[in-house]
Amino acid sequence: MNIAIRVDASNKIGTGHFMRCLTLADVLNQRGAQIHFICRHLPEHLGGMLMEKNHGLTRLDSALVEAAADDLAHADWLGVSQQQDAQDTVAALSYQTWDWLVVDHYALDAQWESALRQTASKLLAVDDIADRQHDCDVLLDQNFYADKHSRYTGKVPEHCMLLLGPRYALLRDQFRQLRKQTEPRTGTVKRVLIFFGGVDEENYTGLALQTLADMAVPDMDVDVVIGTQHPCRTEIEAACVQHGFACHVQTSRMAELMAQADLCIGAGGIATWERCCLGLPTIAMPTAENQRRQTVDAASSGLLVMHDEDDDLGFHIKAMMDNEGLRESLSRNGMQAVDGFGASRVAGRMGCSGIQMRTATIEDTERLFTWRNHPAIRQVSRNADEIKREDHNRWIAIVLSDPNRPLLIGECNGSPVGVVRFDIDGTKAEVSIYLIPDGDNTTDGWSLLQTAERWLSVNRPQVVTLQAEVLETNERSQRLFLASGYQPGPDSYSKRVH
């Protein structure tokens, strides 16, 4: 699979858009995809990251730019008109065909996306602010909004798949790994993290740093993180030395620092979901207007405490330090909202799930017996009784000998992730599906089902209609089949596959 990504980074844009695209690129690459970035604005150190990871990079000309001719709110981020950028991007991608084009840029909309349709089979747009039209097949907005289901109404094509909310947050793998060792925060605040993003043009870092220094809280460690492009880097490094704080410049230990901290003072935006994943209670300040709405909604849902510029930051910090119950609640809410598997889910929606389907064999009998009798599987099965071993063995023998009842096991990196069975009757087939209990939850039911359907289309092409019976109480499976294009009927869900 060949995938192109159009994204920029600069002092004005920040580095968050680039970093989340890099996270998605890494997951896609791990699953066999070849990735090529197209950037007009990109600091050298970020270009170096792409080289280290063996991703391709084409730099569009940023030396001779014209005034932006578009009326989008962030048009000046681009430096040229959308028409010019589209022409340049088409030329940069003309040397081969592309399965996907990913675009993450507030200065590009449906006009640009429509012009790029000729270069790729499908297009995924990453957005946060829902302020423009899109011509895309998938739209990803990983932020939390109270009205997330209506924000893009009328702004995307009818066929567009919407991936909405922090369930799809594009977090680097180290956050998911550290989450396994991280507990919700309890006890006193002994370590504080200050991080306002990779650029922090307004130097909110300096404000938070000085506020903490003035509070002079005894026996408290403070970590301050800035990027190499921070406009006040020299002053911040000097202040950290003066006050005994640790200063980290362009650190690769971001997840580790978040996991170690008891409280964070930082920006809204993408880092919000990194902190939630690791249960880090946060005082968040929207440092750009496009961060305000999601920060307000996240605060209203108990995921963080919001600080406005007009508020007393020292008051907020002291209030948080004094309220252990609030910090624990924020920590638990955040970890419940963000599990760290968002990039894997997005990759799966792009058809790059990493799942391989194989037919079950007699050697799988014991594992299938254990999985089928797991309480979580029996709870959503038509027969909720525990299956006896002799009955299971008899059933396995019958199924494996019947070509019209293919029993499939989905595997990712050699480990089983789910089971799918098709009961075929002429041109129809009933589908049964479950994920392995207590298995690797980087895989979701949607990806497993799509992979199994592709297997069926190749190996049993006569099947044109799929059906699934779902218990009324099994809301998760109902959502799965609806999201997979199945239509609800009086007794079952159905879908035409040809």
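## Basis of the description

The structure is a predicted model.

## The parallel sheet

Six strands, in the order E10-E9-E8-E11-E12-E13, make up an open sheet whose pairing is parallel. Its edges are formed by strand E10 (246-249) and strand E13 (305-306), each of which pairs on one side only. Within this sheet, strand E8 (residues 191-195) and strand E9 (residues 221-226) are joined in the parallel sense over 5 bridges, and Val 192 is placed opposite Val 222 in E9.

Helix H6 packs on this sheet, where it touches E8, E9, strand E11 (263-267) and strand E12 (282-285), and the direction of H6 makes about 155° with that of E8. Helix H11 also packs on the sheet, touching E8, E11, E12 and E13, with a direction that makes about 155° with that of E12.

## The contact of H6 with H11

Helix H6 (residues 204-215) and helix H11 (residues 313-322) also pack against each other: their axes come within 10 Å and cross at roughly 65°, and the crossing in which H6 passes H11 is right-handed. On the H6 side the contact involves Leu 207, Ala 208, Thr 211, Leu 212 and Met 215, which meet Leu 313, Gly 314, Ile 317, Lys 318 and Met 321 in H11. Sorted by class, the residues of this contact comprise 7 nonpolar, 2 polar and 1 charged.

## The contact of H1 with H13

Helix H1 (residues 16-30) packs with H13 at an angle of about 65°, the two axes being 9 Å apart, and the crossing of H1 and H13 is right-handed. The residues that meet are Thr 23, Leu 24, Val 27 and Leu 28 in H1, and Ala 343, Ser 344, Val 346 and Ala 347 in H13. This contact of H1 with H13 contains 6 nonpolar and 2 polar residues, with no charged residue.

The side chain of Asp 339 has a polar atom 3.0 Å from the backbone nitrogen of Phe 341, and a polar contact of 2.6 Å joins the side chain of Asp 339 to that of Arg 345.

When neighbours within four places in sequence are set aside, the residues in contact with Asp 339 are Arg 176, Arg 179, Cys 277 and Arg 345.

## The mixed sheet

A further open sheet has 7 strands in the order E14-E15-E16-E17-E18-E20-E19, and its pairing is mixed. Strand E14 (355-359) and strand E19 (487-488) are the edge strands, each pairing on one side only.

Strand E16 (residues 415-425) pairs with strand E17 (residues 428-435) in the antiparallel sense over 8 bridges, and Phe 422 stands opposite Val 431 in E17. The pairing of E17 with strand E18 (residues 465-468) is parallel and extends over 3 bridges, with Leu 466 in E18 as the bridge partner of Ala 429. From E18 to strand E20 (residues 493-496) the strands run antiparallel, joined by 4 bridges, and Gln 467 faces Ser 494 in E20.

Helix H14 (residues 365-372) lies across E14, strand E15 (407-412), E16 and E17, and runs at about 90° to E16. The axis of H14 also comes within 10 Å of that of helix H16 (residues 389-400), and the two axes cross at roughly 120°. Why are H14 and H16 described as oblique to each other? Their crossing angle is roughly 120°, and angles of 65 to 115 degrees count as roughly perpendicular while those over 145 count as roughly antiparallel, so the pair is oblique.

H14 passes H16 in a right-handed crossing. Thr 365, Glu 366, Leu 368 and Phe 369 in H14 meet Arg 389, His 392, Asn 393 and Ile 396 in H16, and by class this contact of H14 with H16 has 3 nonpolar, 3 polar and 2 charged residues.

Definitions and conventions:
Residues are numbered from 1 along each chain as its sequence is written. This is a predicted model: local features need pLDDT of at least 70, side-chain atom pairs count only at pLDDT 80 or more; totals for chains, interfaces and linings use all residues. Side-chain values use heavy atoms; hydrogens and water are left out. Two strands pair if DSSP finds at least two bridges between them. Helices (H or I, at least four residues) and strands (E, at least two) are DSSP runs, numbered from the N terminus. Contact means heavy atoms within 4.5 Å. Axes are lines fitted to C-alpha atoms, for helices over the stretch in contact, and angles run from 0 to 180 degrees between N-to-C directions. A crossing is left-handed if the near helix is turned anticlockwise from the far one by less than a right angle, and right-handed if clockwise. Ala, Val, Leu, Ile, Met, Phe, Trp, Tyr, Cys and Pro count as nonpolar, Asp, Glu, Lys and Arg as charged, and the others, Gly among them, as polar. A polar contact is a pair of N or O atoms within 3.5 Å; within protein, one must be able to donate a hydrogen and the other to accept it, and residues adjacent in sequence count only if both atoms are side-chain atoms. Angles under 35 degrees count as roughly parallel, over 145 as roughly antiparallel, 65 to 115 as roughly perpendicular and the rest as oblique.
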